[in-house]
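User: I would like to learn how to read a protein model. Could we go through one step by step?

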Amino acid sequence: MACHRALHDSVAVSRSCAYRIFLGLVLCAAAGIGRAQTLVPRTWTSNSDKRWSRDANWGGNRPNADTEYAVFGTGTQLNPQLNANNTSLAGIVFEASAPGYNLTDDNGARTLKLGGANATYAFIQQNSANNQAIGIKTLSLLDPTVLDIS
């Protein structure tokens, strides 16, 4: 199955992952699932420090709603740290220009929720040739989720 680059054709992995997920594989979802989404991208600019909750690190507005998704492209702070409980967003996109990111949480007990009522499905889209890592205590992917490993 061909892997589609469009955001609405993206993916997810598994429910509540309490372990490190390495996203060296290209993850994309099958086309034509659910209704069309209108989601707002929030791009990591790492202008201030490594804290996820600092708006300045996201060009003014951090992603924290199921109508928004996080975008990681070129950057100098490659270790964003989730430092707020129950952060929710539609998904995560690693652009082709993304170096190897290592997303962690600050206390080993945070939850990152992907998907939700306003998102057709949860997704993580890996477009970079570099490996990405997510080391957050709980990664919750809400229904529906799809895994397509090409």
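Analyst: We will take the chain as a whole, and then one of its sheets. Keep in mind that this is a predicted model.

User: How many helices and strands does the protein chain have?

Analyst: Start by listing the elements. The protein chain has zero helices and eleven strands.

User: What share of the residues is buried?

Analyst: A residue counts as buried when its relative accessible area is under 20%. In the protein chain, which has 150 residues, 45% are buried. The accessible surface comes to about 6,700 Å², and carbon and sulfur atoms hold 48% of that area.

User: How far apart in sequence are the residues that contacts join?

Analyst: Count the contacts between residues at least 6 apart in sequence; 71% of these join residues at least 24 apart.

User: In what order do the strands of the open sheet lie?

Analyst: For a sheet, read the strand order and then the direction of pairing. Here three strands form an open sheet in the order β5-β8-β11, and the pairing is parallel. β5 (87-89) and β11 (138-141) are at the edges; each has a single partner strand, so one side of each lacks a neighbour in the sheet. From one strand to the next, the twist averages 15°.

User: How many bridges join β8 to β11?

Analyst: Strand β8 (residues 111-114) is joined to β11 by four bridges, and the two run parallel. To see a pair of partners, find Lys-113: its bridge partner in β11 is Ser-140.

Key. Residues numbered from 1 in each chain as written. Predicted model: local features only at pLDDT ≥ 70, side-chain atom pairs only at ≥ 80, totals over all residues. Heavy atoms only, no water. Buried < 20%, exposed > 50% of the residue type's maximum accessible area, 1.4 Å probe, protein only. Contact = heavy atoms within 4.5 Å. Areas by Shrake-Rupley, 256 points an atom, 1.4 Å probe, with all protein chains shown as cover. Pairing = 2+ DSSP bridges. Axes fitted to C-alpha atoms, helices over the stretch in contact; angles between N-to-C directions.
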